Amino acid sequence: MRIAVIAGGVGGARFTTGLRDLGDHDLSIIVNVGDDAWMDGMRVCPDLDSQMYALAGVHDSDRGWGRRGDSMRIDTELREWDFGARWFTLGDLDIATHIVRTAMLREGKSLTEVTDRLCSRWDLGVRLLPASDDCAETWVDCPDLDGPVHFQEWWVRYRACPRPASFLFRPGDAELSGAARRAVAQAELVIVAPSNPVVSIDPILALRGTREALATCPAPIVGISPIVGGRVLRGMGDVCLSAIGVAVSAAGVAEYYGARGNGLLDSWVVDDVDAGEVPEIKALGIHSVPTMTVMDTPERARRLAATVVSLGRDLLACRH
Ligand code: FO1
């Protein structure tokens, strides 16, 4: 099946790895670039790299970013120089990725071309597509700070503590990349991964052309709830949802995404513990099914992926 997935970094990568491991599917993963930043003169793309490293089996899943077993010699040396934003730690192997990316961008290659080149090192079994080739960074406006700060500064330096008044997307009026647009148009199933709705999925939806591409694509759109029993299992998604006034519940996020038409979703997959919210979600005009969504082992990630693909097949069959 031809599948396009809209995803962020770590949580999204668990799902995409499970989906890839099913085999047999033609997968395009459209990845958030809102977290991308210039650090020490290099372009760092945390969500693309989390996806690439996880799919390649070299991700540091204990720490949550970068390469497993990486050393910190360059970072230590930069500290000696008292250079750059040292609240953001870069490993030596990871820096090699950023050097290749930055050099190619400076030569005039698009981020899509650069990502293809970086991913060609491994047999990932998917195509990773930056959501945009434009600079589409997320910034965060916090009343307690002097003016908006880059998402990474809010997330890493301030540990998402200063209360955000708003999240600011696409300062440069960025648009969905051509490759991502084609992936959506040609997909038989579009999946919204269980990533942070506010800082991973929203920056993709906010790009010029995304909403239209999704509204007009022939494929069913199935989302997976990142909330289990009123909690976000990874990251600080609850802080982000609360900041924009969205209830931290499976139904709350479903309502935020909305039903296909004005909104996004044909179907919303929720965890078994949230099965009680299914009637509320159906009342929003969104088909919903409960299943096991916690991906604490690769086997469980594969099972969730298989359930979502099978649901997508059923929805596609209903359309024909
Ligand atoms: N997260 C941290 O909490 N501290 C870091 O020093 C840090 C460095 C870092 C370097 C490269 C990279 O790709 C990601 C990195 N992250 C770090 C993770 C990242 O800030 C966020 O978790 C994601 O952007 C949110 O999805």
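## Basis of the model

Helices (H or I, at least four residues) and strands (E, at least two) are DSSP runs, numbered from the N terminus. The model is predicted, with local features requiring pLDDT of at least 70 and side-chain atom pairs counted only at pLDDT 80 or more, while totals for chains, interfaces and linings use all residues. Residues are numbered from 1 along each chain as its sequence is written, and side-chain values use heavy atoms, with hydrogens and water left out.

Pro 130 belongs to strand E5, which covers residues 127-130. Its relative accessibility is 0%, and Pro 130 therefore counts as buried (buried means under 20% relative accessible area, exposed over 50% and partly exposed in between, with a 1.4 Å probe and protein chains only). Apart from neighbours within four places in sequence, Pro 130 is in contact (heavy atoms within 4.5 Å) with Val 31, Val 33, Leu 48, Leu 111, Thr 112, Thr 115, Ser 177 and Ala 180.

The loop between helix H5 (111-119) and E5 holds Asp 123, which is exposed because its relative accessible area is 75%. Between the C-alpha atoms of Asp 123 and Thr 216, which are 93 residues apart along the chain, the separation is 32 Å.

## Gln 51 in helix H2

Helix H2 spans residues 46-56 and includes Gln 51, a residue that counts as buried because its relative accessibility is 0%. Its side chain makes a polar contact with the side chain of Thr 16 at 2.7 Å; such a contact is a pair of N or O atoms within 3.5 Å, where within protein one atom must be able to donate a hydrogen and the other to accept it, and where residues adjacent in sequence count only if both atoms are side-chain atoms. With neighbours within four places in sequence left aside, the contacts of Gln 51 include Ala 7, Gly 8, Gly 9, Gly 12 and Ala 13, as well as Thr 16, Ile 29, Val 31 and Leu 128.

## The ligand site

The ligand is surrounded by 15 residues, of which the closest are Asp 35, Trp 65, Thr 89, Gln 152 and Arg 159 (a residue is near a molecule if one of its heavy atoms lies within 4 Å of it). A polar side-chain atom of Asp 35 is 2.7 Å from an oxygen atom of the ligand, and a polar side-chain atom of Asp 47 is 3.3 Å from an oxygen atom of the ligand. An N or O atom in the side chain of Trp 155 also lies 3.3 Å from a ligand oxygen atom. Taken alone the ligand exposes 540 Å², and the protein buries 88% of that, with accessible areas coming from the Shrake-Rupley method with a 1.4 Å probe and, for residues, only the protein chains shown counting as cover.

H2 and H6 are the elements that give two or more residues to this shell, and H6 provides the largest share, four residues. By class, the shell consists of nine nonpolar, two polar and four charged residues, where Ala, Val, Leu, Ile, Met, Phe, Trp, Tyr, Cys and Pro count as nonpolar, Asp, Glu, Lys and Arg as charged, and the others, Gly among them, as polar.

Arg 159 sits in the loop between helix H6 (151-157) and strand E8 (166-168), and its phi is near 50°, a positive value in a residue other than glycine. Ala 160 is placed in the loop between H6 and E8 and has a positive phi near 55°; with a relative accessible area of 6%, Ala 160 is buried.

## The nonpolar core

The largest nonpolar core has 101 residues, and Phe 15, Trp 154 and Trp 268 touch the most other members; a core of this kind is a set of buried Ala, Val, Leu, Ile, Met, Phe, Trp, Tyr and Cys residues joined through side-chain atoms within 4.5 Å. Helix H13 (residues 298-319) gives this core its largest share, eight residues. Beyond neighbours within four places in sequence, Phe 15 is in contact with residues that include Val 5, Ile 191, Pro 194, Ile 224 and Met 295, together with Leu 304, Ala 305 and Val 308.

## Helix H11

Helix H11 (residues 250-257) is mostly covered, since six of its eight residues are buried: Ala 250, Ala 251, Gly 252, Val 253, Ala 254 and Tyr 257. These buried residues pack against strands E9 (189-192), E11 (227-228) and E13 (267-271), and against helices H8 (197-205), H10 (237-243) and H12 (278-283).

Glu 255 is also found in H11, but at 54% relative accessibility Glu 255 counts as exposed. Glu 255 and His 25 are 230 residues apart in sequence and 30 Å apart in space, C-alpha to C-alpha. Gly 258, which follows H11, has a positive phi near 80°.
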